[in-house]
Amino acid sequence: MSVTLERSLRAFWIVLMVFLYAPLAVVVFFSFNAINSSARFAGFSLRWYERLFSNEAILSALANTAVLATTSTLLGVAIGLLLGYGLYRYRHRRLAWLIWLIYLPVIMPDIVFGLSEMTFFVTLDQRFGVLSPGLGTMVIAHVTFQVPFVALLVHARLLSLDPQLFEACHDLYASPWQRARFFILPVLTPAIVASLLLALTLSIDDFVISFFTAGPDSTTLPIYIWSAIKKGVTPEVNAIATLMIVGVFLVALSSLLLQRRPDPSDPS
Amino acid sequence: MLKSARDSLHLLAIVAPGALFIVVFLVLPSLYLMGMAFTSTGPSGLPALPFSLQAFRELAGFGFLGWSPGNLYTLLRSVWQTFLATALVILLAYPAAYYIASRPTRWRPLLLLAVVVPSWTNQVIRSVGWMNLFAPGTPISDFAVLIGLTEPRMGLFPSQFAVIVGLVYNFLPFMVLPLYAAFERLDHAQVEAARDLFASPLAVFRHAVFPQTLPGLMAGTVLVAIPAFGMYVVTELLGGGKATMIGNLVARQFADATNWPLGAAGAILMILATVGGLWVLRRLGRRLGGDREVVL
């Protein structure tokens, strides 16, 4: 590679990193501002954090966010794992309908997805009094968009395995249970870890679908920020956003540590 | 029991939870929503009988006061802003992906993570970041005033510019990842051969690099353009009323300007546009790639 190209690439990379991290850094920086402004820094202060931790509504939004992310991730990965395995195990059957079904949530525009579920849940609630919008409907909605991604990831991992390994299990007279316990689950561990991370980040990243399936008592942090902006009251917004940014960086750090563990068989 | 019958039961048992979830909580609700488009609008804006095509007429711009081009402009703006954002994302992602792929192997996961991590934060938070940077009185806004981009004492948002920046920021990682995968598998012999034949750098890229990264580019374009077209959050927070896209038009029918059938008709339009976009990209990929298989 020529020296000029290498230099300009390096400069480009630095500019790109500034572009990617400046918006987040600004949020963190101004969350410690003594005044409510992102134009002038009037001194270091923790007042927004004090207000945040004494605000019941924000604390319950924090709890809702955590419950929604963990519940939907565990459910989504369990269901997606089964679906991905079924897709692989019976790949010789005609499963085109199933593949279409799996791709549907992936290509459906978020807003159409969210509005469909909102009208559906609202109607069910009015007609039959079931599934009234709240944390339950939000978990359902999140699981629905997590399942396909997990299934595709697990399926890809299984396809990268040597099919003879399955025959080897058979030759060794492994019962279906033993095959699952001693072969399938161990080889799928990296894929399951990756699925957990993916499902978790999908859930944390989503706003639109949560927003339209939420009920009055199931406000999450992003929804709280959204309505604060819409009402024009924004004092604690940067502090709340900082909490979520720190959370995401902790997830990123743990994923890096997991990746650093040597695993030569991991295709991802 | 017959083996094939037992297999079918087994298949059904492991596939059913996932398939049912998608059918019950996505297929049925979206069919329900689409059905709403064919009803009349009741007095409170909710769907009512009889069935009619009124919602589609309204969506096309025919109202009490004759035809107005507002909705058509929104659709055209959605396509234009999606195109612009995707093009910018491609321009940024090519050097970024190449840079990562040309580093030593042990650094690559860290560099990829550096690109991806911002997209793990919530969409709303990323937009709040840009609202902070583009607010009136910030250095960036002051600079924009200085070079005459905005009026004095005004911020850089709400504006179409802010929306494009927000879209590029949101979707850049989705282009970098597949392009990086393509660069990692790049056959360098082809590049060397082109160099040996005294091809100009542009010709090397055009004939030796571009065709090899095309599958990644097409996959990335799908991952960027499809969700960008349906964007709601960025346009709402950074665009105000100035860069409204079709997603905002649809959502508004279920919120302040209640008209569910009109919103449902808009949702059908969005689904058709998405499927049409996928089809066009697929054709384009085949044409550009010749007989090479382009994974979509």
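## Chain A at a glance

Two residues are in contact if their C-beta atoms, placed from the backbone, lie within 7 Å. By that rule, 79% of the contacts in chain A between residues at least 6 apart in sequence join residues at least 24 apart. The structure described here is a predicted model.

Chain A is built from 11 helices and zero strands. From the N terminus on, its elements read α-α-α-α-α-α-α-α-α-α-α. Its C-alpha trace spans about 75 × 70 × 30 Å along the principal axes. The chain holds 268 residues, and 41% of them count as buried.

## Chain B at a glance

Chain B has 12 helices and four strands. Its C-alpha trace covers about 80 × 75 × 35 Å along the principal axes. Of its 296 residues, 43% are buried. For contacts in chain B with a separation of 6 or more, 66% link residues 24 or more positions apart.

## Confidence

The model as a whole scores ipTM 0.86 and pTM 0.87. The mean pLDDT of chain A is 85, with 96% of its residues at 70 or more. One stretch of chain A, residues 263-268, has pLDDT below 50. Beyond near neighbours in sequence, that stretch makes five contacts in the model. For chain B the mean pLDDT is 84, and 96% of its residues reach 70 or more.

## Where the chains meet

## Helix 6 of chain A against helix 1 of chain B

Two packed helices are described by the angle between their axes and the distance between the axes. The axes of helix 6 (residues 135-159) of chain A and helix 1 of chain B come within 10 Å and cross at roughly 135°. Angles over 145 degrees would count as roughly antiparallel, and 65 to 115 as roughly perpendicular. Helix 6 of chain A and helix 1 of chain B are therefore oblique to each other. The crossing of these two helices is left-handed.

On the chain A side, the residues in this contact are A:Ile140, A:Ala141, A:Val143, A:Thr144, A:Val147 and A:Ala151. They meet B:Gly18, B:Phe21, B:Ile22, B:Phe25 and B:Leu26 of helix 1 of chain B. Sorted by class, the residues of this contact are nine nonpolar, two polar and no charged.

## Helix 10 of chain A against helix 5 of chain B

Helix 10 (residues 221-231) of chain A packs on helix 5 (residues 123-134) of chain B. Their axes lie 9 Å apart, at an angle of about 40°. This pair is therefore oblique as well. The crossing is left-handed.

Helix 10 of chain A brings A:Pro222, A:Ile225 and A:Trp226 to the contact. Helix 5 of chain B brings B:Val124, B:Ile125 and B:Val128. By class there are six nonpolar, no polar and no charged residues here.

## Two loop residues of chain A

A:Phe44 sits in the loop between helix 1 (3-30) and helix 2 (47-53) of chain A.

A:Leu131 lies in the loop between helix 5 (110-128) and helix 6 of chain A. With 18 other C-beta atoms within 10 Å, A:Leu131 is partly exposed. Its phi is near 55°, a positive value in a residue other than glycine. Most residues other than glycine have a negative phi.

Methods. Residues are numbered from 1 along each chain as its sequence is written. Chains are lettered from A and ligands numbered from 1 in the order in which they are written. This is a predicted model: local features need pLDDT of at least 70, side-chain atom pairs count only at pLDDT 80 or more; totals for chains, interfaces and linings use all residues. A residue is buried if 20 or more other C-beta atoms lie within 10 Å of its own, exposed if 12 or fewer, and partly exposed in between; C-beta atoms are placed from the backbone. Axes are lines fitted to C-alpha atoms, for helices over the stretch in contact, and angles run from 0 to 180 degrees between N-to-C directions. Angles under 35 degrees count as roughly parallel, over 145 as roughly antiparallel, 65 to 115 as roughly perpendicular and the rest as oblique. A crossing is left-handed if the near helix is turned anticlockwise from the far one by less than a right angle, and right-handed if clockwise. Ala, Val, Leu, Ile, Met, Phe, Trp, Tyr, Cys and Pro count as nonpolar, Asp, Glu, Lys and Arg as charged, and the others, Gly among them, as polar. pLDDT is the predictor's confidence in each residue, from 0 to 100.
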